[in-house]
Amino acid sequence: MEVRKIYQIISDNRAGEHQLIRVIDESGEDYLYPVAYFVPIALPQAVAAVFA
């Protein structure tokens, strides 16, 4: 993980119950991290399409 880098998340309700978030890292794998480690941001639709 890199500071100030934008990471994609995967919805995971069970992880959310434990204050965790599922994040896809540089390797393409997803891992659980504490929600407090991240700040959610809203991306313009054109930028969000790049992540899809």
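Me: Which residue meets Arg22 in a salt bridge?
Reply: This model is predicted. A salt bridge needs a side-chain nitrogen of Lys or Arg within 4 Å of a carboxyl oxygen of Asp or Glu. Here the N to O distance is 2.9 Å. The partner of Arg22 is Asp12.

Me: How many residues apart in sequence are the parts that this pair ties together?
Reply: Arg22 lies in strand β2. Asp12 sits in the loop between β1 and α1 (13-16). So the pair ties together parts that are apart in sequence by 10 residues.

Me: Is Asp12 buried, exposed or partly exposed?
Reply: Buried means under 20% relative accessible area, and exposed means over 50%. Asp12 has 23% relative accessibility. Therefore Asp12 counts as partly exposed.

Me: Which residues do salt bridges with shared partners join into one network?
Reply: Lys5 forms a salt bridge with Glu2, with the closest N and O atoms 3.9 Å apart. Lys5 also forms one with Glu26, at 3.3 Å. The network is made of Glu2, Lys5 and Glu26.

Me: Which elements give two or more residues to the lining of the largest pocket?
Reply: The largest pocket holds about 550 Å³ of space. Of its 20 lining residues, the closest to the centre are Tyr7, Phe38, Val39, Pro40 and Ile41. The elements that give two or more are β2 (20-24) and α2 (45-51).

Me: What is the area of the nonpolar surface patch with Ile6?
Reply: Ile6 is found in the segment before β1 (9-10). Its patch also includes Val39, Ile41 and Leu43. The area is about 630 Å².

Technical notes. Residues are numbered from 1 along each chain as its sequence is written. This is a predicted model: local features need pLDDT of at least 70, side-chain atom pairs count only at pLDDT 80 or more; totals for chains, interfaces and linings use all residues. Side-chain values use heavy atoms; hydrogens and water are left out. Patches are made of residues with over 30% relative accessible area and no salt bridge: like charges are joined within 9 Å, nonpolar side chains (Val, Leu, Ile, Met, Phe, Trp, Tyr) within 5 Å. Accessible areas come from the Shrake-Rupley method with a 1.4 Å probe; for residues, only the protein chains shown count as cover. Helices (H or I, at least four residues) and strands (E, at least two) are DSSP runs, numbered from the N terminus. On a 1 Å grid over the protein atoms alone, a cavity is a set of points where a 1.4 Å probe fits but cannot get out, and a pocket is an open set with protein on both sides within 12 Å along at least five of seven lines; lining residues have an atom within 4 Å of a point. Grid points are joined across faces, edges and corners, and a volume is the space filled by probe spheres set on the points. Buried means under 20% relative accessible area, exposed over 50%, partly exposed in between (1.4 Å probe, protein chains only).
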